[in-house]
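Please keep the sequence and the model in view while reading.

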Amino acid sequence: MTKPVAAMQTQAQPSVGGPADAAPHEVEQQLLRIRRIGKRLFDVADCVIVLGQTSSESPDGASSPLSAEADFCRRQPLPDASVVVADAGSHPVLGRDRAVLGVPHIRFFAAHPVRNQEKVLVGHVCLIDLAPRPGFGPAERQLLADLASLVERELLVHSMSASHLDLQKKNKNLRRKSLIDPLIGTWNRGAIMRILTIEAIRCDKAGVPLSLIVADLDYFKKINDTYGHQAGDAVLVKVASRLRSCIRPQEALGRYGGEEFLIVLPGATSATAMAVAERMRQAVASQPETIGGTTFNLTISAGVASTDMFPTATTEELISRADVALYAAKDAGRNRIVKAAPELP
């Protein structure tokens, strides 16, 4: 006899059947368990669950991938109420079906509707046997209805789980959006400050240095005033992209202010941070920018501060030290990197 098959079908996708022990999806696993319960409870040849619209054979007569029993159930109209055919061989319609006339010679058929939470008919649970079952009475009908209720419950749980996962995904996306600068796609100020706090604690526990860079786009106000804010926004996006290309995955880049960036470098010494800052300076300055027919070079100035120079500094003090170094770079002519040192005011 053909192995039992759970037939699952929607309008967009044809039914797919497989062995009773196949479990490609969690909901299908649950339905397969219900099928096994039904088969053992009623002592029948097969228990089949069909979900979706009824389906006939393909016009070209191609063989179905389902078992003959599941294919038989799938061809039957979705019942509005329980249907019991004690002897399919003598039934005026089913008696002419190929699965009754030929292999597997179905003789007993019973079905109960399955509805969704809106009470819309979505499928049925079928019982198939190879011998007539004249004694299938009210008690058995009630058990079949209970079996259909189990299917409805699993579909409801699956729907609720899917909705919950979708909600979690949306919440995660919303949370991420709340941490990302909408213009340039880096961490926003709140997020980069939180990252700095977390990394400071982690580096302190691990006994490794923490460095940071405060970088500022030179002459950004002039760009805005001359070419407009839209052009200024486009420049910020390009600068952020160039800065991002210079850091490793474990490092973080955030927009600290209008045209100011904060880069957190956990585990980096001041020498390493200076090298990273220099790579950033070169990356920004190496590609001329053209706006309104005018070509010019973008440049940044940056200050670097590290706990290997200021071992007792808080995160706020490190930022303050880097800010002082940044202004020293500006005062020295811009387009340069300055390392924070105790002698700087």
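Buried means under 20% relative accessible area, exposed over 50%, and partly exposed in between, with a 1.4 Å probe and protein chains only. Helices (H or I, at least four residues) and strands (E, at least two) are DSSP runs, numbered from the N terminus. The model is predicted, so local features need pLDDT of at least 70 and side-chain atom pairs count only at pLDDT 80 or more, while totals for chains, interfaces and linings use all residues. Residues are numbered from 1 along each chain as its sequence is written, and side-chain values use heavy atoms, with hydrogens and water left out.

**Strand β7**
- Seven of the seven residues of β7 (residues 260-266) are buried.
- Glu 260, Leu 262, Val 264 and Pro 266 point one way from β7, and Phe 261, Ile 263 and Leu 265 point the other way.
- In a regular strand, side chains alternate between the two faces of the sheet.

**Partners of β7** 
- Strands pair if DSSP finds at least two bridges between them.
- β5 (residues 210-217) runs antiparallel to β7 and is joined to β7 by seven bridges; Ser 211 stands opposite Leu 265.
- β6 (residues 252-255) is also antiparallel to β7, with four bridges, and Gly 254 stands opposite Leu 262.
- Four residues lie between β6 and β7 in the hairpin that they form.

**Helices α6 and α7**
- The axes (lines fitted to C-alpha atoms over the stretch in contact, with angles from 0 to 180 degrees between N-to-C directions) of α6 (residues 220-227) and α7 (residues 229-244) come within 7 Å and cross at roughly 140 degrees.
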